[in-house]
Amino acid sequence: MRVLLVEDDALIASGIVAGLEALGIAVEHAASGLAAVSAHAENTFDALVLDLGLPDGDGLGVLANIRAVEPEVPVLILTARDAIEHRIAGLNGGADDYMVKPFDLRELSARLHALMRRAQGRAAQVIEAGPLRLEPASGLAWLDGEPVELSRKEVDLLAHLASTRGRWLTPDMLHERMYGLSERVNSNALNVHIHNVRRKLGCEVIQTARGLGYRLGWKLS
Ligand code: CA
């Protein structure tokens, strides 16, 4: 689980980073709207925590920018602005949740988990990409209409790759999504799953590019 935190106050930001990482959530910090947009262009996140008062503009501009390329990623606005019109503007602007400072880290973490669970529920009904059909919940898969047997981890791997909708996942990001931050797993385990998925579905199912990482080789339909 990986979160992009957009917050210009260094003290608040370091508190959130430390607090969420202690709860097993990896956090990347951006201190301005520009830094946020470029971090988002380079990486895939499971959720965003977004301050509204940023040095280079309003967080709502960042939200519009990110929503334009990624309509699905959960966004939680975390701001000192508590007026009802700000809340409404934030939610109308595409935020999924709104919290007002001062806040409790445990509540922030609980809300983030809830948002990500909901997003996963939305995303993971059926994945159809090229000749592949995959139902992550049941683990059933078909290639060109023929059933294929996949392990739980192989299904997870394909679901994580599909969830980025064509964007690349670095080996570290993919590893973190598969195993979390706390679980120490030999990085070779991931390679074994990738190898096995390719053996079962064909090499082209997972694309690899140096410096970019991995992505699903077939376009989602
Ligand atoms: Ca601020």
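**Salt bridges in the predicted model**

Glu-7, Asp-51 and Lys-101 are joined to one another in a network of salt bridges. The structure examined here is a predicted model, and the count of salt bridges within this model comes to 13. Side chains of opposite charge can pair when their charged atoms come close.

One of the individual pairs is formed by Arg-81 and Asp-58, whose side chains meet in a salt bridge with an N to O distance of 3.0 Å. Because Arg-81 is located in the loop between strand E6 (75–79) and helix H4 (84–92), while Asp-58 belongs to strand E5 (residues 57–58), this pair ties together parts of the chain that are 23 residues apart in sequence.

Arg-133 takes part in a salt bridge with Glu-128, in which the closest N and O atoms lie 3.2 Å apart. A salt bridge is also formed between Arg-133 and Glu-135, and here the closest N and O atoms are 3.5 Å apart. The relative accessibility of Arg-133 is 30%, so that this residue counts as partly exposed, and Glu-128, at 36% relative accessibility, is also partly exposed. Both values fall in the range between the limit for buried residues, under 20%, and that for exposed residues, over 50%.

Key: Residues numbered from 1 in each chain as written. Predicted model: local features only at pLDDT ≥ 70, side-chain atom pairs only at ≥ 80, totals over all residues. Heavy atoms only, no water. Salt bridge = Lys/Arg side-chain N within 4 Å of Asp/Glu carboxyl O. Helix = DSSP H or I, 4+ residues; strand = E, 2+ residues; numbered from the N terminus. Buried < 20%, exposed > 50% of the residue type's maximum accessible area, 1.4 Å probe, protein only.
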